[in-house]
Structure formats: C-alpha cells, structure tokens
Amino acid sequence: MRVDGCDEALPLLHDRLDGDLSPEAAAALDAHLAGCSACAARLAGLAALDRELARDLPVPSPAGLAARLADGVLAAEGRERSRRRLWVPVLAGAGALAVLAALASWGLDSPWFASVAPRLETPVSSLTVTADDLLADLTSIGSSLGPAAVAIAIGLAALQAVGTAWLLGPRRRESR
Amino acid sequence: VNPLLAVSAHPFALMAGGEESPDAGLVARIRSGDRDAFGELVVRHHRAVYAIAYRMVGRAAEAEELCQEVFLRVYRTLDRYDARRALGPWVRTIACHHVLNHLRRRGVPLESLTPAGDGPERDVPDPADDPEAALLARARGSELQRALMKLPAGQRMALTLKYVEGLTAEEIGERLGVPRNTAKTWVFRAREAMRRALPDAR
C-alpha cells in the first residue's frame, strides 16, 4: 500500500487517532509522514483536538440534577395515574349501563315480557300480586334468559374488568 | 473510556453466557414499586444522558427538560427492558433517539451535504438569556460548544457519542441505526470541522 499525497493521508490520520489502521496502512502513512511536515503537523493538531474533546465534551451536570429528575418523573407519573383513575368510575358506569341496556333490549322481546304486559295495563288499585305470581315471573325470566344474553353480559363484564385492570395496573409502582 | 460512564458496552450486547445483567435486580425493584430504586437508576445514568442532551441542544434548561422526558420514557418502558443486557446503553440509546427526534421536530436535519454551518445559530447559548449555560460553558468551553452547534445533528451526535461515551464507529452506527461507514464519515467530518473552528487545540 502507498499513500499518494496529503488528501489520501488525511483519513488515515483520523484512523490513527481512532486506532483503526491496518499494519499495511500504518506503514504507508508513516512513510508519508516521514517526508511531509504538513501532515505531521496536522496529526499533532488532531491529536491535541482529540485530547481536548475527550476532556471537555463530557460536560458536568448541574448540582442536584438527579434528585430533580427522579422527583419530576415520579410526580409526572403520579399525575398521569390520577388522571387515568378518573376514568374508572366512568368506565364502570358505562359498563353497567351497557349490560342493563343489552338485557332490557332482549327482555322486551322475551316470552316473559309478553306474559307480564297485560298486567301493566291493569289499574294499580285492582292489581293483586301473590307470591305465586312473583315466583312464576322469576322462573319465566330464568328460563327465558337465552345463551346470547348471558354471553353478551359476560363479554361486557370481561371487557370492563380488563379496562379497569389496565387503568389501575400502574398504581403498583407508587405503592411505596 | 470516559470516567463518566461505568458501562460503554455495545448497546445491544448480551451478557456473557446470556446471564442476567447486574442491573436486572434494580429494574425488578423499580417495577415492584420501589421509588428509591428509580432514584438510584437516575443517579447512575443521569450524567451521560445530560452530557448527550446538553451537547446536542446547547442550553442547560432545555437539556434538563430533555433529561426529564428521557427518564420518564425509561420509567414507562421498563417493561420492555431485556434483563440480559446492560441498562446503561439501553438508557443512553433512548436518550439519543429522543434528543434527535426533538431536534427533528424543530427542523434540524440529521445529515446535511452543506458544509459545517447549517446548524441554526439560535442554538448557540447566549450568556444574556441563559446564565446557567454561561456558567457551565466559560471561554474555551463556550467556543467549543459554539463550533459543535454548527455541525449537522448527525455529526454532532456521532462526535458526542465518541467523546462522551467512547464508542467506536461501529457502536455509534448501531446506536443511531446507520451503517458503520456513515458513522465513521460523520466523526471524520465533525472532527475536521472542529479542527478548523478550534485551530489552537490543547
């Protein structure tokens, strides 16, 4: 290998600083430096710059920075968790309403509602409800609850549980 | 290797034998809710993160704000930390990308074909509006930071990683997601620009 001119030598000067020269390239550079005072001076200048950058670039951090950063992060995280927790009752209420709405919407079409509907038109004063009537109603509701309604209710409850767990999950990090 | 950094390992290197990193215990304590453990993590790693941020933006207050965002991100992504790798390089990788994204949002190019000088002049700390920066960067230090701020962001980051963390061109490339030769070129160009700006280096 041979170094032809200072332009070719320049990247090799940087490689020497970084300890990134092959033995062949190092020998070729040395041969060039032996006859080129400009490149020798440039290498000396680069070496001085290298020392200065290594000494001065790692700027010292301001006093008390670590404590400010840790406190700031934990405070920001606490605010975020509080904000998220505000959504828990909203989600819980929405979930409960969704379950009720699903059951009510199904219930109006059910055989049970058909059996109860005539009674709704009876004046309250002449309405008599016996224990047998209540039992019959409950039995009718139970037998009318189809698998679809049960699946909807379970699905909504599961969604709500997952959402609530997600909202409350990170709270464990502020337990101490 | 700079004494600021206890670990300057390859950012994605696994521990020998695939064992758990000595930092895994600290991370486990943080994840279980130990606030003191998080404070310990910040104490261990804030100097390098601050040095990277300060050298990239040139203002003490902005650098501190970026550090805050970096550690908040670290805290929120601890679930993704791989216990077989050293924590320091992981934290500093987050810092590098966060700072570069911050600059990108401000319209600072990562790489530029124009000669040194495309760095926005407004980045240079002005002692009048940032007394803290003025205290930190006196005389020669201020000159050095001014020259640094004139480099394109990629070159500035490459030089910072080389001299703050002592990374090789290959490690810088992996940290920034660019080929080794690109990282090497960035260091070369940055050092040449600094040589021209600081001809009387000591």
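**Fold, core and main pocket**

In chain B, 73% of the contacts between residues at least 6 apart in sequence join residues at least 24 apart; contact means heavy atoms within 4.5 Å. The model is predicted, so local features need pLDDT of at least 70 and side-chain atom pairs pLDDT 80 or more, while totals for chains, interfaces and linings use all residues. Residues are numbered from 1 along each chain as its sequence is written, chains are lettered from A in the order written, and side-chain values use heavy atoms, without hydrogens or water.

Chain B has nine helices and zero strands. Helices are DSSP runs of H or I with at least four residues, strands are E runs of at least two, and both are numbered from the N terminus. Of the 202 residues of chain B, 54% are buried, meaning under 20% relative accessible area with a 1.4 Å probe, protein chains only.

The largest nonpolar core holds 69 residues. Such a core is a set of buried Ala, Val, Leu, Ile, Met, Phe, Trp, Tyr and Cys residues joined through side-chain atoms within 4.5 Å. Among the members that touch the most others are B:Phe38, B:Phe71 and B:Leu159. Helix 2 (residues 35–57) of chain B gives this core its largest share, twelve residues. Beyond its neighbours within four places in sequence, B:Leu159 is in contact with residues including A:Leu53, A:Leu57, B:Val187 and B:Met194. A second, separate core has 13 residues, including A:Ala9 and A:Leu29.

Helix 8 of chain B is largely enclosed by the rest of the structure, because six of its eight residues are buried. These are B:Ala169, B:Glu171, B:Ile172, B:Gly173, B:Arg175 and B:Leu176. They pack against helix 4 (87–105), helix 7 (153–165) and helix 9 of chain B. After helix 8 of chain B comes B:Gly177, with a positive phi near 75°.

The largest pocket is lined by 19 residues. A pocket is an open set of points on a 1 Å grid over the protein atoms alone, where a 1.4 Å probe fits, with protein on both sides within 12 Å along at least five of seven lines; lining residues have an atom within 4 Å of a point. Nearest the centre of this pocket lie A:Asp15, A:Asp18, A:Asp20, B:Ala169 and B:Lys184. Helix 9 of chain B supplies the largest share of the lining, seven residues.

Definitions and conventions:
Buried means under 20% relative accessible area, exposed over 50%, partly exposed in between (1.4 Å probe, protein chains only).
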